[in-house]
Every structure is written in C-alpha cells, then in structure tokens.
Amino acid sequence: MEVDAVVLDVDGVLVDVADSYRRAIVESVERLYERTVDVADVQQFKNAGGFNNDWELTYAAALFVLARREGLKMDVTAFTDAVAEHGGGLRGAREVVSDMPSVAQA
C-alpha cells in the first residue's frame, strides 16, 4: 500500500473529541483525588467562561473537589456560578476558594 498523505486532526474538526475531552478531565481529577465531578459538570465549568484550556479546567475541577472535601458547602452549580461572578476561568475558581487555606494545603 502506498500512502500519499497523512491527515492529522488535532482540533476536533474531523473527529468529534468532546466526549474524550470531558472524560479525560473527570478521570484525571479522580485519579489524583479519588473523587471527581460528573461528565455533565464539565459543561458548567465551560459555561462559567474563561476555560479554553483543558488543563485549567481540570485544575478548577480539582479545586472544587478539594474544597468540597475541606468543607465547601456549594454544589457544582453554585461553585461555577461563583466562578463566573469572579471573572471566570482558573483565576475565578481560585478566588472562590481563596478564603479556604486548607484547600491550598491539600
């Protein structure tokens, strides 16, 4: 077999990678912290704004999981709403948990 070209799809145009993207976030957090968010919760983080980087969204989801473990009483909807109110993205997530020093230590 002769090959004239190889097409690599790195931006999801040819192959829909949305499910694997969300699953990777959920599984990464679970592997590290033995707790995680639901796949559907990833969209709530995206809706909060500022999460165009999957590593930053993973970090924010981990902050949520750690904060819940340390006593945060918000569910994921309240958390992501608060993230949006603080400007969105990882910076917003850090602001939401900034008064919980035990999260930074965790």
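Visitor: Before we look at two helices together, what are the axes and the angle between them?

Guide: Helix axes are lines fitted to C-alpha atoms over the stretch in contact, and the angle between N-to-C directions runs from 0 to 180 degrees. Keep in mind that the model here is predicted.

Visitor: Thanks! How are two packed helices described?

Guide: The general idea is that two packed helices are described by the angle between their axes and the distance between the axes. Here, take helix 2, residues 39–48, and helix 4, residues 76–85. Their packing angle is about 20°, and their axes are 8 Å apart.

Visitor: Is helix 2 roughly parallel or roughly antiparallel to helix 4?

Guide: Angles under 35 degrees count as roughly parallel, so helix 2 is roughly parallel to helix 4. As for handedness, helix 2 and helix 4 have a right-handed crossing.

Visitor: Which residues make the contact?

Guide: On helix 2, look for Asp41, Gln44, Phe45 and Ala48. On helix 4, the partners are Val76, Thr77, Phe79, Thr80, Val83 and Ala84. Sorted by class, this contact of helix 2 with helix 4 has six nonpolar, three polar and one charged residues.

Visitor: Let's move to single residues. Is Leu63 buried or exposed?

Guide: The idea is to compare relative accessible area with a cut-off: buried means under 20%. Leu63, which lies in helix 3, has a relative accessible area of 9%, so Leu63 is buried.

Visitor: What does Leu63 touch, not counting residues up to four places away in sequence?

Guide: Leaving out those sequence neighbours, Leu63 touches Leu90, Ala93, Arg94, Val97 and Val103.

Visitor: Where is the place of Ala93?

Guide: Ala93 sits in helix 5, residues 89–96. Its relative accessibility is 0%, so Ala93 counts as buried. Beyond four places in sequence, Ala93 touches Ala60, Leu63, Phe79 and Val83. For another distance, the C-alpha atoms of Ala93 and Asp81 are separated by 10.0 Å, with the two residues twelve apart along the chain.

Visitor: One more, please: what about Thr58?

Guide: Thr58 is found in helix 3, residues 54–69. With 14% relative accessibility, Thr58 counts as buried. Again not counting residues up to four places away in sequence, Thr58 touches Ile25, Ser28 and Val29.

Notes:
Residues numbered from 1 in each chain as written. Predicted model: local features only at pLDDT ≥ 70, side-chain atom pairs only at ≥ 80, totals over all residues. Heavy atoms only, no water. Helix = DSSP H or I, 4+ residues; strand = E, 2+ residues; numbered from the N terminus. Parallel < 35°, antiparallel > 145°, perpendicular 65-115°, else oblique. Left-handed = near helix turned anticlockwise from the far one by under 90°. Contact = heavy atoms within 4.5 Å. Nonpolar A, V, L, I, M, F, W, Y, C, P; charged D, E, K, R; others polar. Buried < 20%, exposed > 50% of the residue type's maximum accessible area, 1.4 Å probe, protein only.
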